[in-house]
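Here's a quick briefing for anyone meeting this structure for the first time. Take a look at it below, then read on for its side-chain contacts.

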Amino acid sequence: MTDTETSTSTTNEESSLLPCIRSLKRTYDFFLPNYGQRYPSDPESKKIKIYSKVHDEYSQVRDIPAPSPSSSTAITKTSSTSTDLAPISSTSADGTLITTEGGDDDVELPEREHDGFKALGGHAFPSGPGVGLSAQSNQTGVSEAAFAELLDTLPHKKGDESAKVSHGLIQYRQMAGISERINPPAPGSALAGIEPIQYQKPEWHAPWKLMRVISGHTGWVRSISVDVSNEWFATGSGDRTIKIWDLASGTLKLTLTGHIGTIRGLAVSSRHPYLFSAGEDKQVKCWDLEYNKVIRQYHGHLSAVYCLAMHPTIDVMVTGGRDSTARVWDIRTKAAIHVLSGHNNTVCAAAAQATDPQIITGSHDSTVRLWNLATGTTSAILTNHKKSVRSIVMHPSEYTMATGAPDNIKVWKFPDGNFQRNISGHNAIINSLAVNQDNVLVSAADNGTMYFWDWTTGYNFQTFQTTPQPGSLDSEAGIYTLAFDHTGTRLICGEADKSIKIYKEDPN
């Protein structure tokens with residue numbers, strides 16, 4: 001057998017024995033009496049570790065500040081019984097100890113090397129966890145002359161001979177901003193032009209209170225629309241009916257039937273005596289309010305229709321539904337002008353305005369899309385939200401809008417949809433938003449909470465918790481829809497307890 005074959009066989013035997021050795025070691029360790037306990041620390045290793053750590057952290061500090069007169073006096077008092085200690089550098093035979101004569105006893109101190117120079121000190125190592133002061137380093141005081149001589153032995157950096165403050169202290173002060181406070185910037189410097197942050201003061205708004213509770217629906221109230229005359233408003237419900245109510249008195253004026261599913265969207269035309277409705281039965285209807293009957297139906301949605309919005313200046317209507325599309329309709333010819341595809345989940349919020357972008361949609365896919373009405377294409381996609389966008393509201397006077405989702409209320413600026421700010425604090429599933437001319441923004445949530453905000457600053461100046469009507473479950477304390485009247489002084493809410501609540505400003 002050759003040497004190569006012998007070495008190969010030996011290697012194979014060793015590799016086959018490794019699993020057995022590992023198993024034996026595990027068994028041995030498992031049955032040890034101190035199994036699971038930490039190994040005792042090695043004093044020498046600990047000593048080297050602390051020395052290395054001290055060297056790494058304090059090697060940059062080369063300049064020791066001069067002692068103040070008060071400290072010199074204190075040192076003199078504590079060392080009144082001993083003579084001045086003048087350090088005399090004398091290296092021993094092995095080159096590891098320096099003898100310093102002072103007082104009656106000679107104290108041997110270790111020599112510490114730092115980047116090519118010698119530092120003389122009273123401590124073998126700095127005081128720290130696990131490091132005690134030795135007898136050699138237990139000195140009671142050092143005279144001023146000895147301290148000055150010790151200071152001269154330390155090298156200074158070039159160009160910084162007069163520095164008396166350590167570099168670490170200077171860096172700390174700069175980070176803390178102390179130097180800027182002690183020595184303010186000159187009027188002509190760049191720092192002088194930086195102004196402190198000014199927080200805008202919230203506008204005062206009158207508190208709101210509950211004015212009236214209206215009962216009449218037998219299902220959840222899911223949609224509200226106020227007539228342009230501000231005399232009446234319409235509500236759509238889960239009972240498949242549309243009811244017309246007098247705004248001043250709250251009395252029922254009319255009930256319209258025809259849908260076979262929950263009515264999720266309502267809009268009253270500002271130019272025609274028409275009321276448009278959209279429901280979960282896939283139907284979009286146009287009601288003639290002079291004859292109180294359906295005169296047009298718009299077919300095209302493949303699933304439930306969840307939102308509806310009227311264009312303010314042209315005879316165009318937009319609807320969004322569970323088929324992940326928004327559709328633009330010509331209200332006179334019933335033709336579908338555009339099918340706005342791009343969302344990949346339910347389109348549950350839609351809004352329209354006279355200027356570009358004329359159509360905005362929000363979806364359960366957490367995005368908001370701005371659409372070009374002329375071409376039917378997406379002009380911008382807003383992806384800041386992390387949860388479903390359930391509501392969109394346009395500001396009546398500013399060129400802005402707000403979108404509501406469980407993560408935040410976000411304010412955007414047109415025409416590009418630039419993000420402006422978050423309005424945070426309503427930690428619930430926000431179903432609806434409404435804003436009036438006085439910059440009062442209201443958000444309503446699935447848990448029955450309603451928050452009143454200052455639009456400009458996002459300050460929450462009032463909070464409501466709705467109360468379910470007698471006979472309703474506590475879980476029915478949810479608010480599904482909000483709408484201000486055209487004066488902005490009445491707030492109409494549709495709730496899960498099948499009631500309609502009207503709020504007004506408290507004059508007191």
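A residue is called buried when its relative accessible area is under 20%, exposed when that is over 50%, and partly exposed in between, using a 1.4 Å probe and protein chains only. Keep in mind that this is a predicted model, where local features need pLDDT of at least 70, side-chain atom pairs count only at pLDDT 80 or more, and totals for chains, interfaces and linings use all residues. Residues are numbered from 1 along each chain as its sequence is written, and side-chain values use heavy atoms, with hydrogens and water left out.

**Salt bridges**

- A salt bridge here is a side-chain nitrogen of Lys or Arg within 4 Å of a carboxyl oxygen of Asp or Glu, and the count comes to 8.
- Asp330 pairs up with Arg332, their closest N and O atoms 3.6 Å apart. Asp330 is buried at 14% relative accessible area, while Arg332 is exposed at 54%.
- Those two also belong to a salt-bridge network that links Arg271, Asp315, Asp330 and Arg332.
- Glu495 and Lys501 meet at 2.8 Å, N to O. Glu495 is buried at 0% relative accessibility, and Lys501 is buried too, at 2%.
- Asp506 and Lys209 form a salt bridge at 3.9 Å, N to O. This one links distant parts of the chain, 297 residues apart: Asp506 is in the segment after strand E32 (499–505) and Lys209 is in strand E5. (Strands, labelled E, are DSSP runs of at least two residues, numbered from the N terminus.)
- Both partners are partly exposed: Asp506 has a relative accessible area of 23%, and Lys209 has 31%.

**Aromatic rings**

- Rings of Phe, Tyr and Trp (its six-membered ring) make an aromatic pair if their centres lie within 6.5 Å; planes under 30 degrees apart count as stacked, over 60 as edge-to-face, and the rest as tilted.
- The whole structure has 12 aromatic pairs. One of them is the tilted pair of Trp220 and Tyr480, 5.2 Å centre to centre with 35° between the planes.
- Trp220 sits in the loop between strands E5 (208–215) and E6 (221–226) and Tyr480 in strand E30 (residues 479–484), so their pairing ties together parts 260 residues apart in sequence.
- Trp220 is partly exposed at 38% relative accessibility, whereas Tyr480 is buried at 15%.
- Trp208, Phe452, Phe461, Phe464, Phe484 and Tyr503 make up one aromatic cluster.

**Charges over rings**

- A charge sits over a ring if NZ of Lys or CZ of Arg is within 6 Å of the ring centre and within 35 degrees of the ring normal.
- Arg264 lies over the face of Tyr306, 4.2 Å from the ring centre.
- Lys293 has its charged end over the ring of Tyr291, 5.8 Å from the centre.

Definitions and conventions: Helix = DSSP H or I, 4+ residues; strand = E, 2+ residues; numbered from the N terminus.
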